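Okay everyone, thanks for coming.

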Amino acid sequence: MILWLTLLLSIGAPYQKEAQKKEMATVIVYHQRGYSSTRFDLWLDNIPLAKPLRRNSSVTFQVPAGEISLLTKVRVKSPFLRNNHYLINVEAGNTYYLKADLEYVFPATRLSLEVSNSQEYAKVEARLEKIVISTGRSSKEHD
């Protein structure tokens, strides 16, 4: 009986992991060109993810389905640099691509995020330093 239960649990474990993975969404933020953005950090729900968000890099992380808050935050105090805040609704099992680019709005500069897609990301992926970040959040924590 114990052997049978152990066998059932070991067979069910991969399915549980797959189900848990499907409850999560993947977000990829990439910054490929322009001047250095070392003055900007990427924050997720008030937690720093990439300090700094470097040029020619991508940051990949998983989050529970629902609304997330992303912030491109200025590292230095300057009247010419601004934060950008985004609220994004993500669905489980989907991958979201966000392209980071410096935006110049006189007299300020900010790091903006715009929605991209897998085809655009694939064009530059080979040139990017890839950073995978574990947010330590599960879908149960987000509810």
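**Q62 and the strands around it**

So, let's start with Q62, which is found in strand β4, residues 57-64. Strands here are DSSP runs of E, at least two residues long, numbered from the N terminus. Before I go on: this is a predicted model, where local features need pLDDT of at least 70, side-chain atom pairs count only at pLDDT 80 or more, and totals for chains, interfaces and linings use all residues. Residues are numbered from 1 along each chain as its sequence is written, and side-chain values use heavy atoms, with hydrogens and water left out.

Is Q62 buried, partly exposed or exposed? Its relative accessibility is 33%, so Q62 counts as partly exposed. For the cut-offs, buried is under 20% relative accessible area, exposed is over 50%, and partly exposed is in between, using a 1.4 Å probe and protein chains only.

Now, which residue does the Q62 side chain touch through a polar contact of 3.2 Å? That's the side chain of T26. A polar contact means a pair of N or O atoms within 3.5 Å; within protein, one must be able to donate a hydrogen and the other to accept it, and residues adjacent in sequence count only if both atoms are side-chain atoms.

What about partners? Strands pair if DSSP finds at least two bridges between them. β1 and β4 run antiparallel, joined by eight bridges, and M24 has P64 as its bridge partner in β4. β1 also runs parallel to β8, residues 95-105, with five bridges, and there V27 stands opposite Y96.

Notes:
Helix = DSSP H or I, 4+ residues; strand = E, 2+ residues; numbered from the N terminus.
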